Each structure stands twice: as structure tokens, then as C-alpha cells.
Amino acid sequence: GERGGERERMESYAVESGFGIDASAERHTVTLLLLRGCRDRSEILRAMRENTLPVPCVCTDASRIVDKIVLLSAFTTALLHRDDASLMKTRTLETEVMYCLNPTRNVGASFELFGIREETEWVLVGTMDASEEQCTRLVDALGGELVAWDDTTHATLVDTDTIQSIYKIEDDELRVSSLVDLVLSKMVLRDIAK
């Protein structure tokens, strides 16, 4: 019946990537969902910050995430931070993921730069170790249309000019490296540069 159709829909549209921090670490699964037209976006962002959504998740403006590897890298770094409390800059794993996307150490700017706003049409949602049922509840709570997502679809949504501006990437840099590689480098350099 309807439940079977919902499960098929989730399997069709969720992109999952598993990763482990080290050989002895647990493996986690991050499910990425692309939603269009979520209702009450400012309320969703507030609920994400306060960890009151039915399933803990990260809600980002899809146009500002150049590739899924960037969001997965932010999840990986946030897990490392969570495992060493001295590295955590925020209170929850999900807000730490938002912080890890940012090329600067300004926690508040992370939400302004990568969080959803009222004008955000496409929302890229990331959740860790969530079941299909939890993902269904999350999509229902966010009120958006779940859209089939692949790298080609996502590439059409990316605002490369804004991403270049956020990460301070010059055109000269793009002659020798990809935008994805440069974004990942800027994310890593934030923690190295003092």
C-alpha cells in the first residue's frame, strides 16, 4: 500500500554515504535529501538550531553546497570534533556540521551563509544514521517536495559565484584546481591557520 510506495520513494531519492573516522570507529550513514519548497523556512532553521525537529538534521541552502562531498566532509569533521570535546565549537553535531562548512571561525556566520532563508527554494538536508521511517517523518515535518537527486541535478542548483565569494576563491585558483577541491581546502585551512 501507501507505506510501500513511501519506502520506494525514500530509497529512490536518498543518497547515502557511509564513513568511519578510524579503523576502530563506528561507521555512520549520512542520508542526503533534496527538497523543494519547504514551508516556513525560518522556523525550520530555528528548530534545527534548537534541535527540536523530529529527527536531528542539517538543513542547508542547496545552492551553496558545491558537491555532496563538501557536506559529507563537514559531517566527518563534526564527528571528529564531537569525539574530542575541546574541538567542539557548538552544542550539537548538527550545528557543528554547519560550522564545519564555514571557511571562517564565525559560528553565527555559518547559519547566515549556509542555512536556509525565506527565499531558499532548494533545501539539501543531511541526517546521520536515520532510518527510512525517520526520513519520511523528517520530510513530512519540513513540508517540502522530495526531489530525485543526483550530481547532475544538484550541479544545476549550485550558485558558483556566491560559493566563490563565501570561500574567497579567485578565478586564477580555478585555472589550476576544481571548485570542489578549493572549497574543501578552504574548509580544512580554517582549522590549521591561526
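**Entry 1: helix α6**

I began with helix α6, residues 132-142, and listed its buried residues: C135, T136, L138, V139 and L142. I then checked how they sit around the axis. They span an arc of only 160 degrees, so they lie on the same side of α6. The general rule for an α-helix is 3.6 residues a turn, so residues three or four places apart point the same way. Just after α6 I found G143, with a positive phi of about 75 degrees. I note here that I am working from a predicted model.

**Entry 2: the whole protein**

I stepped back for the overall counts. The protein has ten helices and five strands. Of its 194 residues, 48% are buried. I looked up the accessible surface, which is about 9800 Å², with 47% of it belonging to carbon and sulfur atoms. I also looked at contacts with a separation of 6 or more: residues 24 or more positions apart account for 70% of them.

**Entry 3: helices α4 and α5**

How do the axes of α4 and α5 cross? Two packed helices are described by the angle between their axes and the distance between the axes. For α4 (residues 93-101) and α5 (residues 107-114), the axes come within 8 Å and cross at roughly 80 degrees. That makes α4 roughly perpendicular to α5, because angles of 65 to 115 degrees count as such. I wrote down the residues that meet: from α4 they are T95, M98, Y99 and L101, and from α5 they are V107, S110, F111 and F114.

**Entry 4: helix α8 and Y167**

I moved to α8, which covers residues 160-167 and contains Y167. The buried residues of α8 are T162, I163, Q164, I166 and Y167. Which helices do the buried residues of α8 pack against? They pack against α4, α5, α9 and α10.

I took Y167 on its own next. Its relative accessible area is 3%, so Y167 counts as buried, the cut-off being under 20%. Leaving out residues up to four places away in sequence, I found that Y167 touches L101, P103, F114, V183, K186 and M187.

α8 is followed by K168, which lies in the loop between α8 and α9. K168 has a positive phi of about 55 degrees although it is not a glycine. Is K168 buried or exposed? At 60% relative accessibility, K168 counts as exposed.

I found another such case at N51, in the loop between α2 and β3 (58-61). N51 is not a glycine either, and its phi is positive, about 60 degrees. With a relative accessibility of 38%, N51 counts as partly exposed.

**Entry 5: salt bridges**

How many salt bridges does a search of the whole structure find? The search gives ten. I looked at three of them.

R46 forms a salt bridge with E43, and the closest N and O atoms are 2.2 Å apart. I placed both residues in helix α2 (residues 41-50), where they are three residues apart, about one turn of the helix. R46 is partly exposed at 34% relative accessibility, and E43 is partly exposed at 33%.

For K186 and E173, which form a salt bridge, I noted 3.6 Å between the closest N and O atoms. This pair links distant parts of the chain: K186 is in helix α10 (residues 179-192) and E173 is in helix α9 (residues 171-174), 13 residues apart. E173 is partly exposed at 23% relative accessibility. K186 had already come up in my notes as a residue that Y167 touches.

R64 forms a salt bridge with D61, the closest N and O atoms being 3.9 Å apart. Both R64 and D61 are buried. I followed the shared partners from there: salt bridges join D61, R64, R117 and E119 into one network.

Methods
Residues numbered from 1 in each chain as written. Predicted model: local features only at pLDDT ≥ 70, side-chain atom pairs only at ≥ 80, totals over all residues. Heavy atoms only, no water. Salt bridge = Lys/Arg side-chain N within 4 Å of Asp/Glu carboxyl O. Helix = DSSP H or I, 4+ residues; strand = E, 2+ residues; numbered from the N terminus. Buried < 20%, exposed > 50% of the residue type's maximum accessible area, 1.4 Å probe, protein only. Contact = heavy atoms within 4.5 Å. Areas by Shrake-Rupley, 256 points an atom, 1.4 Å probe, with all protein chains shown as cover. Arc of directions from axis to C-beta. Axes fitted to C-alpha atoms, helices over the stretch in contact; angles between N-to-C directions. Parallel < 35°, antiparallel > 145°, perpendicular 65-115°, else oblique.
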